[in-house]
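Hi everyone, thanks for coming. Please have a look at the sequence and the model on the screen, and then we'll walk through a few places together.

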Amino acid sequence: MTQTLDTRTIDHKPNRIKMFKAAPELYEAMMQLSNASARDVEPIIGELVKIRASQINRCAFCLDMHVHDARKLGETEQRLALIAAWEEAGDLFDERERAALALAEAVTEVANRGQVPDEVYDRAAEVFTERELAQVIAMAVTINAWNRINLAAPNPLPRR
């Protein structure tokens, strides 16, 4: 018997803390980290990293936000639909995007896999400068933190 998730419960959790209302300095710190990690990386790569991590973490709020933001940057519907299967999408994603997506997946799944595999790190190090590499790693770490905050203390999903 397959269970279905009642999505109405995702949007309304009145018993959960409003984290950033209770501790606004946490929001400020997260925003500083988010902004710093995105400083020198192409905006579309940033959105791809955020979308892929949010898919893996099943964070509907962040996934909705970053798909919306990617569309505003001109991202195509085809690429958005294929982010979860980027490895099978051929040259639809360029070398830097594929390296960033692989790194985002490895950082997101570090609890299950252990450390980021050398081949994933080395591939990213080949296409990013050291500064960019540091920022892509920080971006993956940051979106994972945002995902976990929102999964613990959810914000209502906006209707678009």
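Let's start at Phe 128. Which residues does Phe 128 contact, leaving aside its neighbours within four places in sequence? They are Ile 45, Arg 96, Ala 99, Ala 100, Leu 133 and Val 136, where contact means heavy atoms within 4.5 Å.

Before going on, a word on where this comes from. This is a predicted model, so local features need pLDDT of at least 70 and side-chain atom pairs count only at pLDDT 80 or more, while totals for chains, interfaces and linings use all residues. Residues are numbered from 1 along each chain as its sequence is written, and side-chain values use heavy atoms, with hydrogens and water left out.

Now, the core. Phe 128 is one of the residues that touch the most other members of the largest nonpolar core, which has 28 residues. Val 49, Ile 83, Phe 93, Leu 103 and Val 136 are also in that group. A nonpolar core here is a set of buried Ala, Val, Leu, Ile, Met, Phe, Trp, Tyr and Cys residues joined through side-chain atoms within 4.5 Å. Buried means under 20% relative accessible area, exposed means over 50%, and partly exposed is in between, using a 1.4 Å probe and protein chains only.

Which helices supply at least two residues of this core each? Helix 4 (43–57), helix 5 (60–72), helix 7 (95–108), helix 9 (118–127) and helix 10 (130–152). The largest share, 8 residues, comes from helix 7. When I say helix, I mean a DSSP run of H or I with at least four residues; strands are E runs of at least two, and the numbering goes from the N terminus. There is also a second, separate core of 9 residues, including Ala 53, Cys 59, Phe 61 and Ile 143. As background, in soluble globular proteins, nonpolar side chains tend to be buried together.

Let's look at Ala 124, in helix 9. Ala 124 is buried because its relative accessible area is 0%. Not counting residues up to four places away in sequence, Ala 124 touches Ala 99, Leu 103 and Leu 133. The C-alpha atoms of Ala 124 and Glu 97 are 9.4 Å apart, although the two residues are separated by 27 residues along the chain.

Asn 147 sits in helix 10. Is Asn 147 buried or exposed? Buried, because its relative accessibility is 0%. The side chain of Asn 147 makes a polar contact with the side chain of Asn 57, at 2.7 Å. A polar contact is a pair of N or O atoms within 3.5 Å; within protein, one must be able to donate a hydrogen and the other to accept it, and residues adjacent in sequence count only if both atoms are side-chain atoms. Beyond four places in sequence, Asn 147 touches Ala 53, Ser 54, Asn 57, Cys 59 and Cys 62.

Asn 57 itself is in helix 4, and it counts as buried because its relative accessibility is 16%. The side chain of Asn 57 also makes a polar contact with the side chain of Asn 144, at 2.9 Å.

What about Arg 58? Arg 58 lies in the loop between helix 4 and helix 5. Arg 58 has a positive phi of about 60° although it is not a glycine. At 68% relative accessibility, Arg 58 counts as exposed.

Now for the largest pocket. About 340 Å³ of space lies in it. Of its 19 lining residues, the closest to its centre are Met 31, Ser 34, Met 65, His 66 and Trp 146. A pocket is found on a 1 Å grid over the protein atoms alone: it is an open set of points where a 1.4 Å probe fits, with protein on both sides within 12 Å along at least five of seven lines, and lining residues have an atom within 4 Å of a point. Grid points are joined across faces, edges and corners, and the volume is the space filled by probe spheres set on the points. Helix 10 gives the most to this lining, with 6 residues.

Finally, UniProt lists residues 24–106 as "domain: Carboxymuconolactone decarboxylase-like", in an unreviewed entry. Such annotations may be inferred rather than shown by experiment. In the model, that span is 72% helix and 0% strand.
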